[in-house]
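User: I have a structure to go through and a few questions about it. Can you take them one at a time?

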Amino acid sequence: MQPFTLHHYNGEKPLSSLPLDTRSRFLAGGTNLIDLMKLQVETPKTLVSLAKWDKANTISEDDNYYYIGAMVTNSDLAKFAHTQPSLSLLAQALLSGATVQLRNRATTAGNLLQRTRCYYFYDTTKACNKREPGTGCSAYDSMNRIHAIFGTSESCIATHPSDMAVAMIALNAQVHTQQPDGNTRQIALRDFYREPGETPHIETQLDEDELITHVSIKKKANGTQYYHKVRDRSSYAFALVSVAAGLKIEDGRIKDLSLAFGGVGTKPWYPQKAISVLEGAEPTQEVILQSAEAELSEAKTFGSNDFKPELLRRTLTKVLLELAEHQVKHPGHEGALYDNA
Amino acid sequence: MTTHNAKTVGTPVNRVDGSAKVSGQARYAAEHMSDRTPLIGWVVSSDTAVGKITSLNTEQAEQADGVHAVITYKNAGTLKPFSKPADESRFTQSRAVLNEPHIRHFGAPVALVIADTLEQARYAASLVTFTIDGEIPDLLTEFDGATQKPASLDGGFEADASSGDKPQQSDIQASINETYTTPSQISAAMEPHATVADFKDGKLEVYCSVQIIATAVEALAITLEMDAADIVVQSPFVGGGFGSKLGLHYDATLACIGARYLERAVKVVLSRRQVFYNTPHRGHSIQKISLASGDDHALLSVQHKSAMPKAKGYEFAEATGAGARVTYKSQFIESTHRVKDVDLPLIDSTRSPGDAIGSLAFESAIDELAHEAGVDPLTFRIKNLPVVHPMKGTRFTTHNLGECLRQGAQNFKWQHKTQPTPGKQIGHGVASAMRMNVLVESSAEVELSATGEVTVRTDMTDIGTGTYTILTQIAADTLNTSVDNVTVKLGDSRYPASCGSGGSFGAASSGSAVKKACEALIANIKSSLPPALSQAEVQILDGQIKLVSIAQGDDDEVSSPVLLANFMSDSDFPISATGKVSEDDTSDDEQYSCGAHFAEVEVDEYTGEVRLLRQYGMFSAGQILNMKTAASQIKGGMVWGAGYALTEGIHHHRDTASFVNPDFGEYHVAVNRDIAEVSLDFLQEADYAASPVGAKGIGELGITGAGAAIANAIYDACKVRVRDFPITMDKIIAGKN
């Protein structure tokens, strides 16, 4: 670990009082950043601890929105979301991620900003454009089982690892930020992440000195919801493919669909093409496969992840058919597809 | 008041070290508190697989805060070259590192930075710069690449064996000919390899995590070119070994080099990523299996050919074909092993060498043949069981595979499947397990105080298996006392040399040595008693050593006890005795522990995801010394077997001969949620031909066959046969399409 200077931010003094630059990092739960610092993947000169920023550790709501503070832990958010039928998807996604111990530390903003688990990003003896721009991509023509099929570039094919963000993309969450000059911004999570292009080290729309304050999610009915995460073991593994879906059926047709994919994109993937095929359609296996094909038309695979398109087709089919069946049996149902999910 | 001590062997006595372990009182190697506070060493690792260091700059690191030394091949001191002398065993040969500018594998130590704190050492390590003139690493990529015939295999098996004549084509009614592959695997013990070494006045004290103490002392003496008498090795608690701690590894060599250089105590703890490179792993295997059966489903031909990598300069090849040679009778049996020298980290015993991965392939193949022949795979196995060794015609001391399969199937409710939920398919699988048993030379001493306290000493280790507990039970039972009255001291090279832990030989060998030591102690006592008491039984109860004469008769009439104190004075105590077992204490007949594994799985029709519903095993391994520790150990093996079947595998980065996933985030050992119900039963039958305590090995029995039962259950569920382990959902989907 490289020596660094530690500062604290408690939300009272302005951000402009802190030495924020390209070598500074905000420290929230630390479950990812500290690991990366030990491995010298991240070598910040300045850490700004947010541990005392109590105001950001609250969840509130009004008639229209839920407001989730940046420092709310994944455990606390899961516990809250579990009590709200329309947020079941978020609860399921959170609980499918990491372990209890990690979720007790990991925060909402930290989860959004966690780095990829690409093998080569972690291995400082290997070339990685995300870790060291311009060195090349070791994953492109090597072992790449866990890598992306959507949004890739020759520079980078690493996935974004979050489950929470996938559910939040499906639920159209908004990210709220604060800048050193006191200005605030609201960015739709669907626009928040950047595809790697030639600059895979720049992952979001955030400026280097910009701080996420909270996430808001509009209150609305999301129907029957299911976050299905397919992975190489049943817990403590990142998604190979995940499908986050909330489905409402009216008169045998898809009335409202919240949908996002994890494990397949360089960012949590919002499948617009699939959604446009599905909306208003009868949820038959044929239509679902058509929607998958529409989305997969732009997919690119890299050898050891050649299985992902088929796994995505199958997972999407399973999830949407099971949701549709439940909606037909229980018209107007709002909440989890499976109680124990 | 208690009037006698009940026998404890075979009962589920709680671990005598359990409360120390769960309350943090049991100190593992890295937690050792030495007289002198240790400095901390951090390993600088090679970024190249094989080659020569052409430049090395340590100046900046040496000047960093808190740094005491940066040790490289230039200043490491006297070291015997790695793997020399050639005539030593692989656990006593030199484990040198930093002895030459040559780098043998990716991740190998280039330097050791020693500082006051871990943070200082780790940071300074990042300041060491070096260049290595790399060569293209040799790797095994295809079956035909392995052309070298190993001198012998682990367990003492011949590389090649064959018996009988090939069947006539016209006699063959069903046959299969398939290739199975298993990936490289890591032992993945919870406790990473760690050593605290202190060097003072020419003497070396080493606290480390090792399965066998005596060879560790020899290895250090050879590596450091020291007198073995000047070295003490202690390893009282080992947080899992699984083969990776049979010998010492670079943490130990480096800590000792550092301690000798600075004449200070130095601690080296390998990080998880360093464990992957600086300790052994299991090589990947390519196994070609051909089987044929004839009339009435009799096996006619078994051919098993194995190709695996072998680390350059390190003589280890595992007997993947062992199961094919002994499990079923067949007119013709042929088994061959070939290896290729590769530029990878050490390849050595990993969780049941030979049998774990051999059974994955062979027991899958047997299943395939049964399906090909159109017979129930359980029936097929039972039909082909041998009475004598299938290749040699020699007798087994006991052989209960048939009973394990039959009774196990009943208890498991074979082919009475759980009702599937919509979208899921349920399958049942079975596999046989045969694990060779050996008795290894082992010694122990026992000491009795005037007030009846018993102390047992042996350099045996407890690697989490329950050694402390079973040795306590054996001593208590042999001396007719209670387990509370016995203290077992392990893991210290100053104690009598034992077999150590490994190869499933630990419990029976060290337990028999303790039993013989206790019997010798009784003989010592009796030698000083009047003849009238020569048949009396020694009993230790309530702080008194008593001599109880048991009259011959139906009533077992007991005379009133006589106190030993009547015949001995306090100055005669402590009384001590030693016991030793060797190959003279075991039969020349074939010795095997047997088992039958059963599994029930659920496979998702869409995604190919596999969920284990239950694993069950029926085992025969002689006298079970402690029902609780034995069952726990077998269950652990069954869980590892599930990992081998479903999740585990090292991915190789071929260009650099490095590992793609060297951490627990991406190397997937099974986690709690992967495992469902795990249960088992033992067929109780003491096998005194195998060992004086009647026990046979269980350490590797639980894993052998456990994975194959799962693979066979997956086939039963979805009719997809995956021969490339682990069986992940993408391979099942590919099989469906």
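Analyst: One term before we start: two residues are in contact if their C-beta atoms, placed from the backbone, lie within 7 Å. Also, this is a predicted model.

User: Fine. Which residues is Thr54(B) in contact with, leaving aside its neighbours within four places in sequence?

Analyst: Thr54(B) is in contact with Thr131(B), Ile132(B) and Asp133(B). Thr54(B) itself sits in strand β2 of chain B, residues 51-57.

User: What separates the C-alpha atoms of Thr54(B) and Phe130(B)?

Analyst: Those C-alpha atoms are 7.5 Å apart, while along the chain the two residues are 76 residues apart.

User: Is Thr54(B) buried or exposed?

Analyst: Thr54(B) counts as exposed, because it has 11 C-beta neighbours inside 10 Å and the cut-off for exposed is 12 or fewer.

User: How many residues of domain 2 of chain B are in contact with domain 3 of chain B?

Analyst: Eight residues of domain 2 of chain B are in contact with seven residues of domain 3 of chain B. On the domain 2 side, the residues are four nonpolar, two polar and two charged.

User: Switching to the two chains together. How many residues does the contact take from chain A and chain B?

Analyst: The contact takes 23 residues from chain A and 27 residues from chain B. On the chain B side, α3 (118-125) and α15 (729-736) each supply at least two residues. The most comes from α15(B), with four residues. By class, the chain B side has eight nonpolar, eleven polar and eight charged residues.

User: What does α15(B) meet in α11(A)?

Analyst: Glu310(A), Leu311(A) and Arg314(A) of α11(A) meet Met729(B), Asp730(B) and Ile733(B) of α15(B). That contact has three nonpolar, no polar and three charged residues.

User: At what angle do the axes of α11(A) and α15(B) cross?

Analyst: The axes cross at roughly 85° and come within 10 Å, with α11 of chain A spanning residues 308-329. Therefore α11(A) is roughly perpendicular to α15(B).

User: Now chain A. What are its domains?

Analyst: The domain assignment of chain A gives domain 1 (5-52), domain 2 (55-113 + 160-218) and domain 3 (224-336). The C-alpha centres of domain 1 and domain 3 of chain A lie 37 Å apart.

User: How many residues of helix α3 of chain A are buried?

Analyst: Eight of the eight, across residues 88-95, so the helix is largely enclosed by the rest of the structure. Among the buried residues are Ser88(A), Gln92(A) and Leu95(A).

User: Last one. Where is Arg253(A)?

Analyst: Arg253(A) is in strand β11 of chain A, residues 253-262. Arg253(A) counts as partly exposed because it has 14 C-beta neighbours inside 10 Å. Not counting residues up to four places away in sequence, Arg253(A) touches Gly280(A), Ala281(A) and Glu282(A). The C-alpha atoms of Arg253(A) and Arg190(A) are separated by 25 Å.

Technical notes: Residues numbered from 1 in each chain as written. Chains lettered and ligands numbered in written order. Predicted model: local features only at pLDDT ≥ 70, side-chain atom pairs only at ≥ 80, totals over all residues. Buried ≥ 20, exposed ≤ 12 C-beta atoms within 10 Å, placed from the backbone. Nonpolar A, V, L, I, M, F, W, Y, C, P; charged D, E, K, R; others polar. Axes fitted to C-alpha atoms, helices over the stretch in contact; angles between N-to-C directions. Parallel < 35°, antiparallel > 145°, perpendicular 65-115°, else oblique. Domains from an automatic or database assignment.
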